[in-house]
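Reader: I have a model open. Show me how to read its features, please.

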Amino acid sequence: MNEPGKSDSPIVPMNPANEGHRTTGRPKERGEGRELAKENLLQGNSHRTLSRARLQSALDRIRQAAPQDKGLKFTSLWHHVYGIDRLREAYLSLKRQAAPGVDGQTWQEYGKDLERKLQDLSERLARGAYHAQAVKRAYVPKQDGRQRPIGIPTLEDKLVQRSTVEVLNAIYETDFRGFSYGFRPGRKCHDALDALYVGIQTRKVSWVLDADIRGFFDALNHEWLIKFVEHRIADQRLVRHIKKWLNAGVLEDGVHTEQEDGTPQGGSISPLLANIYLHYVFDLWSDQWRKTQTGGDVIIVRYADDFVVGFQYQADAQRFLVDLRERFAKFNLELHADKTRVIEFGRYAASNRNQRGQGKPETFNFLGFTHICGKSRKGKFKLVRQTIAKRLRAKLATTAQELRRRMHHKIHEVGQWLASVIRGHHRYYGVPDNWQALKMFNAGVCAHWKRALGRRSQKGYVRWDVMTRIARQWLPDPRIYHPYPAERLCVNIQGKSPVR
């Protein structure tokens, strides 16, 4: 496969946008819809429906052209980004309570006199007067106790990035491989989990590569990324703005730092850029590798920078790992030495290891679940998924800490909050065969609540029979929310392969 970098494909221009007045700098393609009065903005449901229909129709030609010619370069996209209707939709899609960026602008404050601000932003984008601002550095705790750095863009940067992503998705959703699931419209974590489950259950998988990319979002190379973007995007106005976001830098404790590599996690554009990078570095290469370098089955499932590859033969798995390290090295990426391994896993792993006296098959973690070689009631191989023990303990510890903070709140207030925590946990981890882990989480929450109630006073001991009645009143029972993967996946993919 040719190295990505330069494309020999000719630049095929799309129909140009209607040009505005060049001397006044009036934006192009304006007036797509009647503006809403500020007080009726959030209530104009019918207008929003018509607006969405117009916006989707404007991108239909792009969606139709993109899959027909994979070498097609789009030369006229920017006018789709700065349209008033699209910016308005981007604003309304943002989280209302999200933390503000370096300018301190909140969603509610920007919504005051919204139409005038969107008009001004659109005009600045049209004439090239828009400037990206540095992202504010913040940290969120990781499951292993470390801190994950994230970037918080300003509200206007979020608006323009969200609008840009909507336009670029019309192209890249036709390019991305089916085994890529992270941060894509209509796809979620459980789709990736289902695909992996069905792939291991139904294909000849005996070995699994459990890989981890070291600091992917910090290592992403800007020069390579722009080359990858320019494979499909020839509109230099759009490319320039991507460069602006990449080079805006980070503001932490009042100190501005420029970033030569990486893209801050937290911005709307970052997940798409990450997918574009790995599409060219990993997806296309690995898809070609399994078609030409092996005669056995190979399955691939990727969610953002987290991926699992299954192999029929051990030799293929080992060779793929060696080639992958070399491939990543060319693009400033590195596999984590301590977290990347090839393990024996699949329907014959238990019997083969037992014959060699090596004990039970190893397990691997993916998207919050530990994947285990188990058996059905009939003694057949069955892939079992359970909540990662470390994550379960971390979630309970976080809940206990918050219970101490709410120790003197009324019981019904704490009960309502705990019910929402448990339901959220069940909705994600409520998969078949994970019932015991759900019960453990409920029992842990109940025990921490009992301890918190007992600390409300010196004589505040709560008997278990009393605590059981309180728990029955407020805490929802464990529930399996998700069907077996084969059932749901057959509906979602409509006969298409989940992993190929």
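Author: Start with Cys-446. Cys-446 is buried, at a relative accessible area of 10%. Buried means under 20% relative accessible area, exposed over 50%, partly exposed in between (1.4 Å probe, protein chains only). Cys-189 is buried too, at 18%. This is a predicted model: local features need pLDDT of at least 70, side-chain atom pairs count only at pLDDT 80 or more, and totals for chains, interfaces and linings use all residues. Residues are numbered from 1 along each chain as its sequence is written, and side-chain values use heavy atoms, with hydrogens and water left out.

Reader: How many disulfides does the structure hold?

Author: A disulfide is a covalent bond between the sulfur atoms of two cysteines. The cut-off is a pair of cysteine sulfur atoms within 2.5 Å. The structure holds zero.

Reader: Is Arg-184 buried or exposed?

Author: Buried, with a relative accessible area of 7%. Arg-184 touches Glu-173, Phe-176, Arg-177 and Asn-275, leaving out residues up to four places away in sequence. Contact means heavy atoms within 4.5 Å.

Reader: What is the volume of the largest cavity?

Author: Rolling a probe the size of a water molecule over the atoms shows where empty space is left. On a 1 Å grid over the protein atoms alone, a cavity is a set of points where a 1.4 Å probe fits but cannot get out; lining residues have an atom within 4 Å of a point. Grid points join across faces, edges and corners, and a volume is the space filled by probe spheres set on them. Here the largest cavity has about 120 Å³. Its lining has 15 residues; Trp-245 and Pro-264 are among those nearest its centre.

Note on methods: On a 1 Å grid over the protein atoms alone, a cavity is a set of points where a 1.4 Å probe fits but cannot get out, and a pocket is an open set with protein on both sides within 12 Å along at least five of seven lines; lining residues have an atom within 4 Å of a point.
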